[in-house]
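Dear colleague,

I am passing on the structure we discussed, and below it you will find notes on what turned up when it was examined.

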Amino acid sequence: MYNRNAAYDLSLFKGKSEKGKLIKLNVDKLKRVRAWNAQLSLVFTGMMFCGSVALGVSTFIMGQAQLAECTEEITQLSKKCQENEGVYTQLCMKKKCEISKDGLAERIENQYNMRKNSTVEYINVMNCNKAEKNSSGGMFENVKRHWNNLFGV
């Protein structure tokens, strides 16, 4: 006849009263393994914390070193800037001295061997002395002016 429970071995689930057939778990070993795993996780967590603190401290120290270098560089550039401003001021004063009347007169005397005349000549301009302004216009006006000069018009 057909057995519906043939796929299952029900004899395994029947309780047996024999002592040798019962499986006992080693509780002490399980406790030691769990304690060991807890200690490993604690050590790993501690190492990660120490590593992150060391990374933070090293980053802070490196930032302070870079800040000190930048400050030193700024100080050196500031000194150079002040020196350049001093040179610029000296050159400006020298140019002003050369351009001034006294400096110009001295430079003319030294470079071109011209001596300063101690006597001053005054020139009087009278009303009868007049001048015309020559306005050179276009070509047509030049031809017209020459035509007028030629025929006296």
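Helices here are DSSP runs of H or I with at least four residues, strands are runs of E with at least two, and both are numbered from the N terminus; the expected span of a helix is 1.5 Å times one less than its number of residues. This is a predicted model, in which local features need pLDDT of at least 70 and side-chain atom pairs count only at pLDDT 80 or more, while totals for chains, interfaces and linings use all residues. Residues are numbered from 1 along each chain as its sequence is written, and side-chain values use heavy atoms, with hydrogens and water left out.

The protein chain has three helices and zero strands, in the pattern α-α-α along the sequence. Helix α2, residues 101-112, has twelve residues and reaches 16 Å from its first C-alpha to its last, close to the expected 16 Å; Asn113, with a positive phi near 50°, follows α2.

The axes of α1 (residues 27-99) and α2 come within 4 Å and cross at roughly 75°, taking axes as lines fitted to C-alpha atoms over the stretch in contact, with angles from 0 to 180 degrees between N-to-C directions. Contact (heavy atoms within 4.5 Å) involves Cys97, Glu98 and Ile99 of α1 and Lys101, Gly103, Leu104 and Arg107 of α2.

Buried residues (under 20% relative accessible area, with exposed over 50% and partly exposed in between, using a 1.4 Å probe and protein chains only) make up 1% of the 153 residues in the protein chain. Cys70, at 44% relative accessibility, is partly exposed, as is Cys92 at 29%.

Best wishes
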